[in-house]
Amino acid sequence: MPRADIVVYNIGELVTFSEGPLARVSVERAGLLRDAGVAIRDGVFVAVGRSGDVRFRFEGFQVNAEGLMASPGLVDPHTHLVFSGSREDEFELKLSGVSYSEILARGGGIYRTVRATRSSSFEELLSRASRILRLMLEHGTTVVEVKSGYSLDLEGEIRMLEVARRLGGLEPVLVIPTLLAHVPPLEYRGRELDYARWFSENLVAEVARRKLAVYVDVFCDRGAFGVEESRIILEAGLRMGLRARLHADQLSYIGCSKLAGELQLDSVDHLERMPGENARILAGRGVVATLLPTSILAMMDPARPPVKALREAGVTIAVGSDYNPNNMTPLQQTAMDISTYILGLTPLEALAAATVNAAKSLNIHDRVGAVKEGYRADLVVWDMENYKWIGYTWGYNKTRVVIAGGRIVKGG
Ligand code: NIG
Ligand code: FE
């Protein structure tokens with residue numbers, strides 16, 4: 001009998017997403033299997049099929065899913081996991097009606113986290129981030145994108161990316177590191193273009209040369225980087241072999257999502273203020289829209305991404321946690337659940353957005369984000385009878401079993 005490391009059997013409903021990323025999500029295309037089982041060897045799925053077949057075909061450690069629902073592990077395509085300090089008093093300020101933009105313009109917000117991050121040691125940054133990473137993993141996140149962006153200078157940004165790299169070695173989570181041009185330093189006020197050039201010629205070049213990041217990203221918005229500066233940084237990254245993604249249209253509309261379409265980025269994120277007509281540009285260029293429901297709540301602002309227009313245009317929608325000191329919830333599970341309420345996604349759309357579509361947003365959908373032979377063995381068995389419980393129940397940890405990169409990290 002062939003050997004497997006793990007056999008999971010008696011899965012009541014397995015959502016495989018074996019057809020890959022979906023712009024139009026339907027039950028017919030989600031690759032649903034009833035009474036299913038999977039076998040895992042050397043970190044990848046080696047069989048996906050009927051419970052009885054898989055169970056008796058492979059020898060290996062057996063996990064009984066007790067008739068529950070299972071899905072690919074959650075892929076979180078947008079986090080600011082590495083930082084220091086906290087901003088709970090800004091939370092109170094926002095509740096009293098002071099806007100995020102105002103706090104940022106006063107030198108708080110991101111600038112405040114930059115001060116805290118710069119004065120922390122590598123070990124402090126690593127130990128804080130690794131505690132949160134463990135929490136993410138126990139809640140079903142098996143792949144996580146991690147941005148820099150809280151140092152703004154050469155040494156500090158590189159240090160953040162080195163922390164991200166170390167994180168990937170601590171847990172069986174796949175970490176995708178991103179160099180983020182977050183805001184121009186205060187001393188560059190009025191000379192933002194100079195900073196964008198400096199950032200491109202020095203930071204982007206060094207990070208690309210040392211392969212410290214997969215992605216380059218820019219916070220493109222009023223109060224951060226304009227379209228022209230964003231273009232300089234993104235084009236530099238693309239030229240030097242990085243892939244690119246963008247924070248766009250979150251606080252205001254200055255044309256950032258259009259730029260994302262023009263440059264055919266892998267993903268454009270936030271989009272709370274994107275005009276609906278831009279959806280067609282994104283669809284035509286194959287750009288994933290990564291929406292961040294918990295971050296929308298943290299902004300305390302009624303703006304919402306144009307989900308209906310995105311859907312109608314056939315844009316692939318992903319969801320992320322956007323964990324950061326302004327939005328202190330690290331759980332992709334929560335982002336997925338409440339995307340039903342905040343964005344109006346259906347439970348199945350939410351699940352696709354948090355797994356296979358999120359993998360597309362990170363351009364790893366050829367090996368991650370689906371339950372399929374040869375794919376990275378990331379699997380969650382949920383304390384839910386079927387996918388329709390996504391959003392319907394939320395606010396507690398619903399993972400029963402978490403398998404990441406072929407290793408059981410919870411349950412079993
Ligand atoms: O994705 N929008 C910019 N960046 C973060 C917020 C970072 C912060 O406030 O520290 C975001 O929401
Ligand atoms: Fe962000």
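## Aromatic pairs

The count of aromatic pairs comes to eight in this predicted model. One of them joins F83 and Y150: the ring centres are 6.1 Å apart and the planes stand at 70°, so the pair is edge-to-face. F83 sits in the loop between β6 (74-76) and α2 (88-95), while Y150 sits in the loop between β7 (141-147) and α6 (154-170), so the contact ties together parts that are 67 residues apart in sequence. Both F83 and Y150 are buried.

W389 and Y392 also pair; with ring centres 5.1 Å apart and planes at 75°, the arrangement is edge-to-face. W389 is partly exposed, at a relative accessible area of 27%, and Y392 is exposed, at 59%. Elsewhere, one aromatic cluster is formed by Y188, Y195, W198, F199 and F225.

## Charges over rings

F83 has a further contact. The charged end of R128 sits over the ring of F83, 4.0 Å from the ring centre. In another place, R245 lies over the face of Y215, and the distance to the ring centre is 4.6 Å.

M300 belongs to the loop between α11 (293-299) and α12 (307-313). The relative accessible area of M300 is 33%, so this residue is partly exposed.

## The disulfide

How many disulfides are there? The count comes to one. The cysteines that form the disulfide are C220 and C256, with their sulfur atoms 2.1 Å apart. The angle about the S-S bond is -75°, and the link of C220 and C256 is left-handed. C220 lies in strand β9 (residues 215-220) and C256 in helix α9 (residues 256-262); the two are 36 residues apart, and the pair links distant parts of the chain.

Are C220 and C256 buried or exposed? C220 has 0% relative accessibility, so C220 counts as buried. C256 is likewise buried, at 0%.

## Salt bridges

A search of the whole structure finds 30 salt bridges. In one of them, the side chains of D89 and R112 meet at 3.1 Å, N to O. This pair links distant parts of the chain, with D89 in helix α2 and R112 in helix α4 (residues 110-118), 23 residues apart. D89 counts as partly exposed at 38% relative accessibility, and R112 counts as partly exposed at 26%.

R209 counts as exposed, with 59% relative accessibility, whereas E206 is partly exposed, with a relative accessible area of 23%.

R400 and D383 meet through their side chains in a salt bridge of 2.9 Å, N to O. R400 is in strand β15 (residues 399-404) and D383 is in the loop between β14 (379-382) and β15, so the bridge ties together parts that are 17 residues apart in sequence. Both ends are partly exposed: R400 has a relative accessible area of 33% and D383 has 32%.

Which residues do salt bridges with shared partners join into one network? They are R87, D89, E90 and R112.

Notes
Residues are numbered from 1 along each chain as its sequence is written. Chains are lettered from A and ligands numbered from 1 in the order in which they are written. This is a predicted model: local features need pLDDT of at least 70, side-chain atom pairs count only at pLDDT 80 or more; totals for chains, interfaces and linings use all residues. Side-chain values use heavy atoms; hydrogens and water are left out. Rings of Phe, Tyr and Trp (its six-membered ring) pair if their centres lie within 6.5 Å; planes under 30 degrees apart count as stacked, over 60 as edge-to-face and the rest as tilted. Helices (H or I, at least four residues) and strands (E, at least two) are DSSP runs, numbered from the N terminus. Buried means under 20% relative accessible area, exposed over 50%, partly exposed in between (1.4 Å probe, protein chains only). A charge sits over a ring if NZ of Lys or CZ of Arg is within 6 Å of the ring centre and within 35 degrees of the ring normal. A disulfide is a pair of cysteine sulfur atoms within 2.5 Å. A salt bridge is a side-chain nitrogen of Lys or Arg within 4 Å of a carboxyl oxygen of Asp or Glu.
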